[in-house]
Every structure is written in C-alpha cells, then in structure tokens.
Amino acid sequence: MNRIIEKTPLNPTVTRMVVEAPLVARKAEPGQFIILRTHEDGERIPLTVADFDREKGTVTIIFQIVGATTEKLNHLNAGDMIHDFVGPLGRATETEGLKKVAVVGGGVGCAIAWPVAKKLHDQGCEVHSIIGFRTRDLVILEDEFARVSDQLRRVSDDGSWGDKGLVTDALRELLEAGERYDEVITIGPLPMMKFVCKLTREYDVKTVASMNSIMIDGTGMCGCCRLTVGGKVRFACVDGPDFDGHQIDFDEAMARATSYREFERHAHEEACNLFREVR
Amino acid sequence: MPNMIKTKYPMPTQSPEARICNFEEVALGYGLETAQLEAQRCLNCKNQPCVSGCPVQVHIPDFIRLIVKGDMEGAYQTIAQTNALPAVCGRVCPQESQCEKHCVRGLRDEPVAIGRLERFAADTHNAREAEKPPKPASNGHKVAVVGSGPSGLACAGDLARLGYQVTVFEALHRAGGVLVYGIPEFRLPKAIVRREIDTLQALGVEISTNTVIGKTITVDELMTEYGYEAVFVGSGAGLPKFMSIPGETLKGVYSANEFLTRVNLMRASVPGSDTPVQLAKHVAVVGGGNVAMDAARCARRLGAEVTVVYRRTRDELPARLEEVEHAMEEGIVFNFLTNPVEVLGDENGWVKAIRCLKMELGEPDASGRRRPVAIPGSEHDLPMDAVIMALGTSPNPLIRDTTKGLETQRWGGIIAEEGTGKTSREGVYAGGDAVTGAATVILAMGAGKQAAAAIHQYIQSK
C-alpha cells in the first residue's frame, strides 16, 4: 500500500500523482517504470517514472485516463492508498557520455521524456527538446521542459499552440539546419516514434525509442511485452523499455498494442458507469 | 493381513462435463473408509523402496500404518517431519515417477496410491480447527528469503521454527510463487497455499510483497544495509521459452506463463477482475508437460476447443499421468508427433492457424528419449485463434545480473552446492528452480529445507 501525497490534473485527461514509495524513489532513474494496481482484483499496469525525490521518498507518475485502471486511479485522491506499487523496473535510459541530444516527446509521452531531458541537462548535455500535442488544451510540462532545454520547439497538430505541424517537421528543420546530435531520444505514441526513427535514419542519427508495451509482471515472467528488435524477440520489461529505434519493428508493436482494445473500451465504459452510480 | 486388491481405489472426481464449466478442484480426495482400505494395500516392506523414491524421504510406510490405525494426525505429523507442504505435494507430485514407481505392489498390480493417502492425511489435518503454531522465541538473527514459491516457503518455515527472524521478499503482489500464478485452482486450491502462508506468518515470518530483489533492493544491500546475515535465493525459473518460429509475436500467441498468470493470479475469468484474457474458440497448446496440461485445461474451462500439440508420443509426455488422463476426459485433443513450424496470422495481426509438420521417432537423443524427426512433405495447417507456448522456462537473470560474484551456469542457473545450497558468495544460498531449472515442487521444497539447515549451521558457527 502506497499513499498518494499530491494529485494535480495537468489537463482534462492527464493527471500527476506524487506517491510515497521510499524504496522505489531510492533506486529510480529516468526511463524506468513502476507497476501498480489500484485495488484487489485490479489490473497490473506499467507507468513510467516521471520524477522522484530520494530525500522525500516520493515517486511521481503522470498518466492519461485511457482505460478502466487509469479511470479508477484518477478517482483516488491525496491521502488515499494505491493497493500495489512496485519498482523501479526496466533499464534506465543510458545518458552517459552524451553531449548533445534531441529529446522528442509526444502527448503524455512528454511525461517520460521530461525526466530524461532533465537528467541530460543536469549532466551538462546540450538538450534540444521538441514537444508535440494534438491541441493547446492537452499541453503538459511546458515550463518544466523550458527549464532544462537549450532549445525548445513546441508543435501542435492544429496550430493552436506553438507551430502547426508534427514533431518530425520540427526535428527535420533542426537536422536540416545542420544540428548534429549524438542521439535522438523519442517517447510518445508508437506511430510518432516510428516516423521519428524513419526520419533520423535518413540523417543517420542514433535514435532510442521508449516502448510502453502491455505488461503483467514487469520482471520478464510473462513475455506479454515482447517485440522484435533487429530481428530478435526482446522483452520490453527487462531488456528495455529503451531500444534502438532503427531496429524496432514498429508495425508489429502497433498491432500488439491493440490486443485488448475492445476489452479496454468496454471495461472503461463500465468503470465510468460505476463512478456515475456512486455519485 | 494386507488388502490384496489389485488396483488403487479410485479417487472421486467432479465429472468431466461439470468441471469444464468451473475452476473448482477436480479430484475430490478419499473419504476415511476408502483411505483406510487403500492404506491396507501397503505391504509395509522392510527395505521401504518407496522412501528412497521420494526426493525428501517421507517415511511413507510409517504414515500409511498410522492411517490404517486411524491416527490421522500422527500420519500427518510423520509426513510433516520431512515435507513442508504435504497438502500441496499430495496433489502435484509426479508420484508415478517417484515413490509409487518403487512400490513393490507395483511389480504385479497397481502401486499403493501414496499421493492420495498423503493428501488425505494433510486434508484431514487441515480440516481441523486451525491451531496457530506459537511464535518461537527469537534467536536474534535475521535471514532474507528471495521468492515465496515452494523452496522459499520451506526454507522460511524451517528457519522461523529455529527462531530466526525471516523476511520473504516477493516480486508479485501475492505470495506463493508458481503455486499461485502457475498451478490452477482446479489442481491446487489457493486456500491451501494461503493456509501454508498463514502458518508461516504465525511463526513470525514477514512477507514483503511488491519487492523485486535485484531491482528494488539488491542481494548485497540486504546483507550490508538491512542486516540480514544470510540470504536464500529461491527465485524460481520464471522466464518463458519461445520456439523462435515465424509468427510468434502475433496477437493471440501467449507464453503459458502469461496465459496462466492472467487466469490464476489475476483471476481474469472472474467477474469483477480488471485483467483481460482472450476468450478464444480454438486454442493450440504447444508442449507436453504439466504446464501445458494446466494451460490446456484452463483454456477449456474458458470455453475453447483445445488441441495439445506435442512432437513426441503419449509415452514421452512429461506431465503427470493423472493430469493427462483428466485432460483427455475433458475433451482436449492430443496431436502427438506434431511440431509447429510457423504461426499464421490474419490481416489484423491475429493468429489464424498454426502450421505443423508430422514427426516420427528416430534414434535416442542425449536425454535417452527417441528424437522426433520431421516427415518430409507432412506440412499441414491447424486453424486456431490462439496459441499457447508451454515449452519450459529458465531462471530469471535479475539476481545474477545484480549480484557480483554469484556464479551461474551458462544457461543461467545459480551454481549451488548439492545438499546445502551454498553458492559462490558467502552467506548466500540458493535452491529450487533457480538452481536446477524448471523442476518439481517437491524438489524445490526439499532444497529449501536443506538450505535452511545449512544457513542455521553457518550462522551458528560464525
């Protein structure tokens, strides 16, 4: 059982929670994730660590309300307990030796991209951040990114915030302008990461993508999170979540991500109805 | 005068028609009268070959004598002297290849039903009002146990009885290891596992769930920062194997671990559980071990027509005989001498069929079993909407990757001394599947007990 210390809505569908989890906070590094259950008989879902405070013993998670579990999680408030909270899991994002990096985040993926950008910034790396959202109302962590980025590009699909366009448009501009990166790190929806990797391949820039697969245990036991990287089957939970973006079979990953879509839609509706009745 | 009836007394079961619609226990256990009749089949041989067939040397003829005499608690206590989990082992041990294989009655007739009698004694004990064992006086020493499966539970129990302050660390949210995530309710009711864990807690054992050793805390930190004088690693063999054939990442292909975890641990089939499981119509289970049988029978209970695909013949099936018989009674089809070469998908990335070759048995291989050889031109497709790979598991690398100086085999098993579980690291012991690779509950339990004795000796001699 882990207590929620703070809860802040970042936009209508994205919430930030600070959770008391001293053991996790002690070890967590950007790129790693936790697995939680909101209640007995709840589902185990992975959420990437968005921040941590080793002194206070807290871990921050940022989640988008997409299914039954995130709906139930969002109905918990400061002071409430999260039934199970385990981590940190997966490998940390490798940042050692990087001098100049482009961090490309999309949507709620920015929540995961931010701690990576921050870590790079703190170790003296030049950070160019490109963050993209569908529309102005969905923007999160703008100020946070501004603080840790040497350059910040804002883009939105509809042009209501920053430049109209896609993160790949902004990244192409930077690359065309002659910016040379040791690495591009991209975190966001699978199609976005796929196209970021396609673009950087043209420019021959090493690219790391963070894969948020469906998981159960998160320790290598079930194999649900498997994906093909460079022709080999890997487990996102223990081999990742970061992989060489130019080697990932994104089409397969996108297909696998839809495994439970029907079930999720149904379960989410049920969860919503449940809360409606409670009210 | 022994009862010379040639066959074992049958154990009542739920009818196949009824049980494929529920997850309740299939085998219902002997009643008192049948148990005593079966117990009388034992010849009480002087040299007790059955005992040497038992990995933990349960005093089998002794406990069977006590059942004949009507001293059921005495029978249970006799088993419990060497077996930490009698109610579990009575249900899941492969008796036909252990104790019952050596039974003298088995030379001419059927062997004595030792497993059923063990279960009877354990269930009779468990049916009595649960008396919580008193908490032993602490001896002031702390020991950590990694993993709450059979080896960890056995090790923790023995150490706690000696007065050690034991903490069991479990990565998942519930204790029990393979007994809760792997073996289904219909073969091993979870209440039995719960009871064993309750007993440990009454003995003062602390269970720390949601703690991944190697991630949340390392083995070294347990000893240097948390004050544990010794660590027992019983982290099992949890990493699933796949076949490395095309199509294994299609939707609808699962490791048996994933499928069983969804159904058993996450209770996906129970109303109110949030974890989804695909309700497939036609399921292929690849493999022939106990895990394959468990997966096949779970899928059957979720409403599927199930085909077990196995590359050798019925005689080579590694699963317990009873599970194979039960699976067949439940209408599960067995395609022997059949080996998958590809999983075929539809336009949406879901499984639509499994492509197989027919096999024939050739020369014996290293394991002594005749090697299956593909028959040219025998390729055929079996239409399926789900495929479950039950090909075995290997030890999880989390601990070996994060514990310096802990020597392991090339295939990943932790190297531990036979009989003590001592590893290359001082104060670190290991046992069960983490050392042997996927084996049985009773072997893991036995290794846990041996390590407990070795840890006791180690700490007392410091």
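Which side chains meet in a salt bridge at 2.5 Å, N to O? They are those of A:Arg26 and B:Glu225, and the legends below start from there.

A word on the model before the views. This is a predicted model, in which local features need pLDDT of at least 70, side-chain atom pairs count only at pLDDT 80 or more, and totals for chains, interfaces and linings use all residues. Residues are numbered from 1 along each chain as its sequence is written, chains are lettered from A and ligands numbered from 1 in the order in which they are written, and side-chain values use heavy atoms, with hydrogens and water left out.

**View 1. The salt bridge of A:Arg26 and B:Glu225.** Five salt bridges are found across the interface of chain B and chain A; the term stands for a side-chain nitrogen of Lys or Arg within 4 Å of a carboxyl oxygen of Asp or Glu. The interface also holds 24 residue pairs in polar contact, both at pLDDT 80 or more. A polar contact is a pair of N or O atoms within 3.5 Å; within protein, one must be able to donate a hydrogen and the other to accept it, and residues adjacent in sequence count only if both atoms are side-chain atoms.

**View 2. The side of chain B that touches chain A.** Here 42 residues of chain B and 41 residues of chain A take part in the contact, meaning heavy atoms within 4.5 Å. About 3,500 Å² is buried between the two chains, and carbon and sulfur atoms give 51% of this. Buried area is the accessible area (1.4 Å probe) that two parts lose on being put together, summed over both. Look for B:Lys215, B:Thr249 and B:Asp274, which supply 21% of the area that chain B buries against chain A, more than any other three residues.

**View 3. Helix 5 of chain A and its buried residues.** Helices (H or I, at least four residues) and strands (E, at least two) are DSSP runs, numbered from the N terminus. In helix 5 (residues 167-176), A:Val167, A:Thr168, A:Ala170, A:Leu171, A:Leu174 and A:Leu175 are buried, and they lie on the same side of the helix because they cover an arc of only 160° around its axis. That arc is taken from the directions from the helix axis to the C-beta atoms. Buried means under 20% relative accessible area, exposed over 50%, and partly exposed in between (1.4 Å probe, protein chains only). The elements that these buried residues pack against include strand 8 (100-106) and helix 6 (190-203) of chain A. Just after helix 5, A:Gly178 takes a positive phi of about 100°.

**View 4. Two cis peptide bonds in chain A, ending at A:Pro88 and A:Pro241.** The bond from A:Gly87 to A:Pro88 has omega near -5°, and A:Pro88 lies in strand 7 (residues 84-89). The bond from A:Gly240 to A:Pro241 has omega near 10°, and A:Pro241 sits in the loop between helix 7 (236-239) and strand 16 (242-244).

**View 5. Positive phi at B:Gln48 and B:Gln57.** Most residues other than glycine have a negative phi. B:Gln48 has a phi of about 45° and lies in the loop between helix 2 (32-39) and helix 3 (49-52) of chain B; with 24% relative accessibility, B:Gln48 is partly exposed. B:Gln57 has phi near 50°, in the loop between helix 3 and helix 4 (60-69).
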